[in-house]
Amino acid sequence: MNHEFMEALEELEKDRGIDKAILIDTIEQALLTAYKKNFGAAQNVRVEFDKEGGDIKVFSQRVVVDESDLYDTFLEIELKDALEISPNYELGDIIEHEVTPMDFGRIAAQTAKQVVVQRIREAERDIVYSEFMDKENEIVTGEVARVNKNLVYVNLGRIEAVMTQTEQMVGEHYKAGQKIKVYILEVKKTNKGPQIVVSRSHPGLVKRLFEFEVPEIFEGIVQIKSIAREAGSRTKMAVKSIDEKIDPIGACVGPKGSRVKNIVNELGDEKIDIIKYSDDPAEFICAALSPSKVVKVDVNESEKAASVVVPDYQLSLAIGKEGQNARLAAKLTNWKIDIKSESQAGQSVSVDEDLKLDAE
């Protein structure tokens with residue numbers, strides 16, 4: 001080792017935040033392993049790394065024992081022999097003797113380099129992990145690196161994230177080089193470095209897009225109370241304003257629909273229903289079933305279940321294609337919703353089970 005190597009360690013400490021003392025300690029442990037592997041595993045040795053000059057020395061260590069207790073000459077030395085070295089030695093003392101091999105410098109340099117490279121990799125992984133942990137549940141812009149079967153790999157700059165099939169939007173196709181906004185769903189620390197899972201289907205993506213697009217939401221004047229989403233098809237979002245002068249729906253839609261249009265374009269023309277939140281369950285359920293009109297709502301607070309009556313000609317609209325409108329309304333309100341037409345309600349006819357939709 002030399003002064004240049006020590007200067008390099010100092011640079012690593014400054015530029016990458018790798019503690020020099022910890023790095024030297026790691027190098028000493030690695031050198032100890034390297035020595036035992038190449039020159040004798042039976043010995044009890046200590047490696048000393050000169051923190052100023054970078055020199056490496058190896059010392060054997062033997063415990064001073066009584067003649068009758070001597071068992072292993074590699075690890076122990078008789079008291080009479082120890083006293084010949086120094087009259088100050090006593091039983092139990094440790095005697096060190098330099099045993100640095102002639103060609104140990106080459107092995108030391110190679111080992112130290114491996115340790116430094118590995119530590120740099122670990123430090124970089126830690127930095128990336130910390131960076132993206134702070135971005136969990138946030139939106140970032142990435143570039144599709146490649147598509148492999150049902151997985152999409154997204155380049156986020158310093159790391160590749162993965163988007164599984166369940167986190168992809170239905171009907172959306174991805175190709176290499178494509179720029180996309182993704183929601184960071186999960187950041188995990190693994191032995192191979194950080195693993196990041198991103199999503200295009202999570203409701204959080206819609207929420208963050210509205211926070212970026214609508215100043216009133218970002219400032220907290222308009223609150224997003226709940227979101228129900230079937231990615232690639234339709235989203236329902238309930239909003240509330242803490243300022244009576246501001247219309248929460250109007251703020252989200254924007255002038256001439258510009259704000260919501262930008263979000264719809266980002267989501268590939270996914271339909272977005274924005275409704276006004278209410279603390280009154282009946283009123284909230286009525287709004288959630290829009291665009292359908294509602295004649296009557298009976299709520300059962302204890303079971304969080306509601307029986308809804310709609311005009312005969314609005315029944316299919318209230319239910320929606322394949323039950324989507326009612327299903328999203330149930331998820332949005334977190335209430336069980338049983339929908340009947342006026343004719344069915346008047347005749348006390350039980351609604352078909354397919355129309356009973358649970359939010360769960």
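Visitor: Is Cys286 buried, exposed or partly exposed?
Guide: Cys286 is partly exposed, at 28% relative accessibility. Buried means under 20% relative accessible area, exposed over 50%, and partly exposed in between, using a 1.4 Å probe and protein chains only. This is a predicted model: local features need pLDDT of at least 70, side-chain atom pairs count only at pLDDT 80 or more, and totals for chains, interfaces and linings use all residues. Residues are numbered from 1 along each chain as its sequence is written, and side-chain values use heavy atoms, with hydrogens and water left out.

Visitor: And Cys252, buried or exposed?
Guide: Buried, as the relative accessible area of Cys252 is 0%.

Visitor: New topic. Why is strand S2 largely enclosed?
Guide: Because seven of the ten residues of S2 (residues 56-65) are buried. Strands are DSSP runs of E, at least two residues, numbered from the N terminus.

Visitor: Which way does S1 pair with S2?
Guide: Antiparallel, over five bridges; S1 is residues 45-49. Val47 sits opposite Val58 in S2. Two strands pair if DSSP finds at least two bridges between them.

Visitor: What about S4 and S3?
Guide: S4 (residues 94-98) runs antiparallel to S2, with five bridges. There, Val63 faces Ile94. S3 (residues 76-78) runs parallel to S2, with three bridges. Val65 has Glu78 of S3 as its bridge partner.

Definitions and conventions
Helices (H or I, at least four residues) and strands (E, at least two) are DSSP runs, numbered from the N terminus.
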